[in-house]
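This report describes one protein structure for a reader who is new to such models. Please keep the sequence and the three-dimensional view at hand while reading.

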Amino acid sequence: MSFASITASGIISEPKVKFVPTKVGEQKVMNFNLYVIPKNKNNGLNEENMVFACSVWNNQAESFEKLLTKGREITLQGNFEVVRFTTKDGKVVEQNRIDFANIVGLGNTSEDREVIKEMKEKNNKPVSKTAKE
């Protein structure tokens, strides 16, 4: 697993929130998919667009539940890995996954700024934000 920063991303599925059992008890998780167009594509390089399955956990899931919606453009950072699994019909699939760590870019609406402010107060730690507060 490695740390990655994903830019120019659009959320392509409505985020879904659920509770999952873990070793430390039940935890809240929000899952959604991001569509990413490589920056180099405009420079004539033949890189393919990618889809990332993203997970946001616990307090961050609760905070961003109001903010992350289908169609929203975000820039995020997190732990990246490629997971290989077999579907029910026997097809082997590789999936790009990111365990969310931080939003580093977001719209600049008053609603966005208010949610980020609430999250900072709740978690008592800084959250990177490109919008001016």
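## Terms and basis of the model

Helices (H or I, at least four residues) and strands (E, at least two) are DSSP runs, numbered from the N terminus. By this scheme, Tyr35 has its place in strand β3.

The structure is a predicted model, in which local features need pLDDT of at least 70 and side-chain atom pairs count only at pLDDT 80 or more, while totals for chains, interfaces and linings use all residues. Residues are numbered from 1 along each chain as its sequence is written, and side-chain values use heavy atoms, with hydrogens and water left out.

## Confidence

The predictor's confidence in each residue is called pLDDT and runs from 0 to 100. For the protein chain the mean pLDDT is 75, and 64% of the residues reach 70 or more. Among the elements, strand β2 (residues 16-22) has the highest mean, 92, whereas helix α2 (residues 110-123) has the lowest, 59. Over residues 124-133 the pLDDT is below 50, although this stretch has 26 contacts in the model beyond near neighbours in sequence; a contact means heavy atoms within 4.5 Å. Where pLDDT is low, the predicted coordinates should not be read in detail.

## The nonpolar core

A nonpolar core is a set of buried Ala, Val, Leu, Ile, Met, Phe, Trp, Tyr and Cys residues joined through side-chain atoms within 4.5 Å. Buried means under 20% relative accessible area, exposed over 50%, and partly exposed in between (1.4 Å probe, protein chains only).

The largest such core has 18 residues, of which Phe32, Leu34, Leu68 and Leu76 touch the most other members. Two or more residues each come from β3 (25-36), β4 (50-57), α1 (58-64), β5 (73-86) and β6 (92-105). Strand β3 gives the most, with 4 residues.

## A surface patch and a buried asparagine

Ile12, Tyr35 and Val51 make a nonpolar surface patch of about 230 Å². Patches are made of residues with over 30% relative accessible area and no salt bridge; like charges are joined within 9 Å, and nonpolar side chains (Val, Leu, Ile, Met, Phe, Trp, Tyr) within 5 Å. Ile12 is found in the loop between β1 (2-11) and β2 and is partly exposed at 38% relative accessible area, while the value for Tyr35, also partly exposed, is 32%. Not counting residues up to four places away in sequence, Ile12 touches Asn33, Leu34, Tyr35, Val51 and Lys70.

Asn96 lies in strand β6 and is buried, with a relative accessible area of 16%. Leaving aside neighbours within four places in sequence, its contacts include Met50, Phe52, Phe80 and Val82.

## Salt bridges

A salt bridge is a side-chain nitrogen of Lys or Arg within 4 Å of a carboxyl oxygen of Asp or Glu. The structure holds 2 of them. In one, Glu65 pairs with Lys28, and the closest N and O atoms are 3.0 Å apart. This pair links distant parts of the chain, 37 residues apart: Glu65 is in the loop between α1 and β5, and Lys28 is in strand β3. Glu65 is partly exposed at 37% relative accessible area, whereas Lys28 counts as buried at 14%.

The side chains of Arg84 and Glu94 also meet in a salt bridge, at 2.9 Å from N to O. Arg84 lies in strand β5 and Glu94 in strand β6, so the pair ties together parts that are 10 residues apart in sequence. Arg84 counts as exposed at 59% relative accessibility, and Glu94 is exposed at 53%.

Terms used:
Areas by Shrake-Rupley, 256 points an atom, 1.4 Å probe, with all protein chains shown as cover.
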